[in-house]
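This briefing is intended for a reader who has the sequence and coordinates at hand.

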Amino acid sequence: MSGILFLEQTLNGLQFGLMLFLLAAGLTLVFGIMDMINLAHGSLYMIGAYLMASFVAATGSFWLALPLALAATAVVGVALEMSVLRRLYERDHLAQVLATFAIILIANEAVRIVWGPQPILLNAPAGLTGPVELPGGVQYASYRLAIIGVGTAVAVLLYVLVTRTRVGMLVRAGASNREMAIAMGVNIRRLFTAVFALGAALCALAGAMLGPILAVQVGMGENILILAFVVIVIGGIGSIRGAFVGALLVGLVDTMGRALLPIGFAQIFPPQVASNLGPSLSSIMIYVLMAAVLVFRPQGLFPARG
Amino acid sequence: MKTAISLLAFAIAFPLAMQALDQPFYIGFGARVLIYAMAAASLNLVLGYGGMVSFGHAAFFGAGAYIVGILAVEGTRSAWIAWPLAVAVAALAALVIGAMSLRTRGVYFIMITLAFAQMLYYIFVSLKAYGGDDGLSLPGRSTVGLGLELRNDLTWYYVVLALLAATLYLLHRLVHSRFGRVIEAIRENETRAAAIGYPVYGYKLACFVISGAIAGLAGALIANQSSYVSPSLLHWIQSGTLMIMVILGGVGRFWGGPIGAAALLALEETLSGSALLGDYALHWQLPVGAILLAIVLFAPQGIVGFFARRRHA
């Protein structure tokens with residue numbers, strides 16, 4: 001039993017972690033380069049998932065709808081950046097929190113007006129609905145495997161983009177010392193709009209891929225947003241590598257905790273207590289992880305500055 | 001002083017006017033505003049005066065509420081026991097959380113306070129014996145004796161008002177005392193305050209604990225207000241809402257917390273009633289968001305700051 005369960009939960013954790021990474025990557029760059037707290041990042045994730053649902057309904061094809069949803073969300077992100085967020089870079093964190101909190105309220109209601117208050121069902125693409133058999137005789141949902149594949153591919157692409165290209169070099173320069181980058185002639189505003197578009201597209205990708213697993217509904221962005229913040233704080237703000245490691249850590253700890261803690265508690269406590277204690281303690285685990293990281297490495301695991 | 005007297009006069013007259021207009025609903029609404037005014041004022045102490053951006057203030061608010069709730073269902077309904085205990089537990093929570101969080105600063109402080117609040121949130125979600133996710137209904141409001149019946153909404157309103165007035169008086173004394181000056185000095189320049197010889201960490205921790213204790217009292221009151229407590233009182237959205245109230249009113253301005261709380265709740269109440277927007281009142285969060293956004297962009301010092309600036313200009 002335990003070997004199969006362990007493998008299955010590891011894969012689930014990996015899949016969740018990779019999707020968290022998509023969200024955290026955009027967030028950590030926005031945070032790292034412009035020192036901007038963007039609570040509305042979760043709203044882009046929600047909007048991406050809703051747009052995906054509409055495009056799937058319109059085109060009838062998951063894989064045709066995906067690039068459309070990504071592009072549309074990137075446009076929404078750029079519009080948001082150019083109209084509102086741009087004015088907030090020079091302001092303090094509190095103003096940014098208030099403004100982006102206001103954007104969450106506006107986005108939630110706008111989605112409710114356009115798509116209605118009911119959660120929307122998004123189906124997994126045809127051909128990826130059944131389970132596949134992994135070596136070792138484990139049955140695992142093929143769609144979840146596809147998510148792992150897509151997530152890994154994007155992570156590799158992003159890594160190459162950030163560490164091997166000229167644009168990536170500018171991004172890293174901006175994250176490690178913004179003033180110096182500006183002094184060296186980097187057009188940080190244009191760079192930032194581009195980063196924001198990329199971040200929005202990654203949000204949409206996460207929203208679209210997770211849509212068939214979780215429900216597409218108003219408020220889906222808020223909870224995952226906090227997880228994404230936890231990821232970037234653990235990883236070190238502004239660091240893509242940190243976001244990757246942090247996301248996998250959080251994904252694995254959260255998923256494994258949820259699956260394994262109740263079993264562990266069942267050995268110690270009566271079943272009534274164990275079934276209550278397990279799920280909530282596993283929710284706490286990632287915050288304990290973050291607090292522990294901050295105590296020992298206050299700048300996160302891979303600090304981008306300094 | 002003039003502000004305090006006119007606000008107090010308004011707060012005293014408000015429920016009487018509502019009663020005369022036969023609108024008893026607004027007496028309960030008024031009490032809710034007063035309670036959130038207290039919570040926001042407590043957050044403004046750490047956020048505005050201390051410069052510590054705590055994103056987990058709902059933890060103390062919710063802890064205070066749950067102490068009253070748990071004691072009430074266990075049969076202890078006396079306010080003289082439950083409320084001080086709520087304050088003490090919230091202060092203790094603030095001591096523990098503050099002692100660890102205050103070792104970090106900046107964004108990391110924001111995130112670690114958030115993390116601790118979320119831990120408490122999940123602990124209360126897991127307390128199935130006390131309602132868990134569904135929350136906990138109280139058998140009724142606390143009892144105080146002295147011939148006061150808190151079930152009566154008018155009595156309840158004035159009890160809350162008296163507690164808020166006392167709290168604000170203490171806060172006023174505190175921020176204008178030597179302690180308050182040191183706290184502001186630390187906010188302005190921590191290194192210099194330390195160089196002068198102040199134990200910076202101790203001062204910040206004391207400020208954090210006092211603020212948490214007041215939030216605990218506000219929590220004890222909010223549990224009585226609706227005779228219901230739920231984990232959503234500790235959710236990060238609640239912390240965010242308290243922060244919005246303070247920023248809206250004016251960070252580090254004495255009336256910033258109370259004015260911000262009243263403004264936000266009044267705004268929500270007005271826009272969610274169907275009188276103004278008709279069928280669109282269902283989507284009241286949209287105009288609330290738009291107004292908040294406009295305030296950030298055009299009134300950066302909050303409501304109190306906006307009017308203070310005009311007066312001085």
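In this predicted model, Met52(A) touches Ala65(A), Leu66(A), Ala69(A), Leu122(A), Ala204(A), Gly207(A), Ala208(A) and Gly211(A), with residues up to four places away in sequence left out of the count. Met52(A) is also among the residues with the most contacts inside the largest nonpolar core.

**Nonpolar core**

- The largest nonpolar core comprises 213 residues.
- Helix α2 of chain B (residues 25-49) gives the most to this core, namely 16 residues.
- The residues with the most contacts inside the core are Leu23(A), Ala24(A), Met52(A), Ala204(A) and Ala90(B); Ala204(A) is also one of the residues that Met52(A) touches.

**Contact between chains A and B**

- Chain A contributes 34 residues to the contact, and chain B contributes 32 residues.
- On the side of chain A that touches chain B, the elements giving two or more residues are α4 (93-115), α9 (220-235) and α11 (271-296) of chain A.
- Helix α4(A) supplies the largest share of that side, 16 residues.
- By residue class, the side of chain A that touches chain B consists of 25 nonpolar, five polar and four charged residues.

**Helix packing in chain B**

- Helix α10 (residues 236-249) and helix α11 (residues 256-272) of chain B have axes that come within 7 Å and cross at roughly 110 degrees. Because angles of 65 to 115 degrees count as roughly perpendicular, α10(B) and α11(B) are assigned to that class.
- From α10(B), the contact is made by Ile244(B), Met245(B), Val246(B), Leu248(B) and Gly249(B).
- The residues in the contact of α10(B) with α11(B) are nine nonpolar and four polar, with no charged residue.
- Helix α6 (residues 153-175) and helix α9 (residues 200-226) of chain B pack at about 175 degrees, and their axes are 12 Å apart. Angles over 145 degrees count as roughly antiparallel, so α6(B) and α9(B) are described in that way.
- Val160(B), Leu163(B) and Thr167(B) of α6(B) meet Ile214(B), Leu217(B) and Leu221(B) of α9(B). The contact of α6(B) with α9(B) divides into five nonpolar residues, one polar and no charged.

**Individual residues**

- Leu205(A) is located in helix α8 (residues 188-210) of chain A. It counts as buried because it has 24 C-beta neighbours inside 10 Å, where the threshold is 20 or more.
- Leu205(A) touches Leu22(A), Leu70(A) and Val154(A), again excluding residues up to four places away in sequence. The C-alpha atoms of Leu205(A) and Ala259(A) are separated by 26 Å, and the two residues are 54 residues apart along the chain.
- Ser227(B) occupies the loop between α9 and β2 (228-229) of chain B. Its phi is near 50 degrees, a positive value in a residue other than glycine.
- Ser227(B) has 17 C-beta neighbours inside 10 Å and therefore counts as partly exposed.

**Confidence**

- The predictor assigns the complex an ipTM of 0.79 and a pTM of 0.84.
- The average pLDDT of chain B is 86, and 96% of the residues score at least 70.
- Among the elements of chain B, α9(B) has the highest mean pLDDT, 93, whereas helix α12 (residues 274-277) has the lowest, 62.

Notes: Residues are numbered from 1 along each chain as its sequence is written. Chains are lettered from A and ligands numbered from 1 in the order in which they are written. This is a predicted model: local features need pLDDT of at least 70, side-chain atom pairs count only at pLDDT 80 or more; totals for chains, interfaces and linings use all residues. Two residues are in contact if their C-beta atoms, placed from the backbone, lie within 7 Å. Helices (H or I, at least four residues) and strands (E, at least two) are DSSP runs, numbered from the N terminus. Ala, Val, Leu, Ile, Met, Phe, Trp, Tyr, Cys and Pro count as nonpolar, Asp, Glu, Lys and Arg as charged, and the others, Gly among them, as polar. A nonpolar core is a set of buried Ala, Val, Leu, Ile, Met, Phe, Trp, Tyr and Cys residues joined through C-beta atoms within 7 Å. A residue is buried if 20 or more other C-beta atoms lie within 10 Å of its own, exposed if 12 or fewer, and partly exposed in between; C-beta atoms are placed from the backbone. Axes are lines fitted to C-alpha atoms, for helices over the stretch in contact, and angles run from 0 to 180 degrees between N-to-C directions. Angles under 35 degrees count as roughly parallel, over 145 as roughly antiparallel, 65 to 115 as roughly perpendicular and the rest as oblique. pLDDT is the predictor's confidence in each residue, from 0 to 100.
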